[in-house]
Amino acid sequence: SEMNREVGKAVARKSGKVADPKHPDLLAILDIAHDCVEIQIRSIFIYGRYRKFERGIPQTHWFCRACQGSGCEKCNFTGKQYKDSVEELIGRPIITLFSAENAILHGSGREDIDARMVGTGRPFVMEVVAPRIRTRDLAVVQQEVNRAADGRVEVILERWSFHKEVEIIKSTKGYKKYRILVEIDGGCSLDELQSAIQSLKGAKVNQRTPIRVAHRRADRVRERRVLDISKVGEDDERVILEITGEAGLYIKELISGDQGRTEPSLSGLLGRSARVCSLDVVEVQGYDEGE
Ligand SMILES: [Zn+2]
């Protein structure tokens, strides 16, 4: 309208800035009825990869189950279920550096809380909400995040990102590679183990929604492929396996069989109980790396 153009010209004169109606950094909404101006600052986005070296850290913040975030005795009045998250460890220094209101982590999938994320790291887009500072040297930001995270989490901030990339990264279905420590009840011979591994290599696995996530996911059977599996070492009575799976393959259940809900499984093939003692994600395929 005429009003918008006139105000725009006045702002441009005073600030020395040029208006970009298609991609504004900042939006001022004139509310004439209430005689006020609402300022909306557009988020900025950073693309990177993170590694998580400590178990027990969730990817994003979790509100306390007892109080839903308002603060209670159970959570020491923090409102949080876990003290830290990958999101907060990366986000806190970013909020300070950009003088922002919040920092939201959008990951390409997520590892379990008790899993480490190592190797090449997990792709993510960090959304910096309402930043008052819009430009920073990403190398400096990266350095500051890594210093503050103190070895618990580490990032590589590759480049600036954009809003649409959030959806792209969240819908990416790349393969995942894991290294796991497995305990087999009563142990087994190398021949038995190698034959079980051979049967799982390339196998299509039917997985009914695992018992451990059944409370929050629909109960259904999905088919996912084991792209590769091999024994890479031993530790006492336990074996170390590397598994590459299609996105969505549940690794803990591939080993345990989940009481018959995952078929085939290492436990089922060996005819005895087996479980994952610890799990590291070593590779997450990014969307720009082809299929
Ligand atoms: Zn609480």
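Guide: Cys72 is buried, at a relative accessible area of 16%, and Cys75 is buried too, at 7%. Buried stands for under 20% relative accessible area, exposed for over 50%, and partly exposed for what lies in between, with a 1.4 Å probe and protein chains only. The structure has zero disulfides, a disulfide being a pair of cysteine sulfur atoms within 2.5 Å.

This is a predicted model, in which local features need pLDDT of at least 70 and side-chain atom pairs count only at pLDDT 80 or more, while totals for chains, interfaces and linings use all residues. Residues are numbered from 1 along each chain as its sequence is written, and side-chain values use heavy atoms, with hydrogens and water left out.

Helices (H or I, at least four residues) and strands (E, at least two) are DSSP runs, numbered from the N terminus.

Helix 2 is mostly covered, with nine of its 12 residues buried. Among them are Val86, Leu89, Ile90, Pro93 and Leu97. The cover over these buried residues includes strand 3 (44–52), strand 4 (102–107), strand 5 (116–129), helix 3 (138–149) and strand 6 (153–161); contact here means heavy atoms within 4.5 Å. After helix 2 comes Ser99, with a positive phi near 50 degrees.
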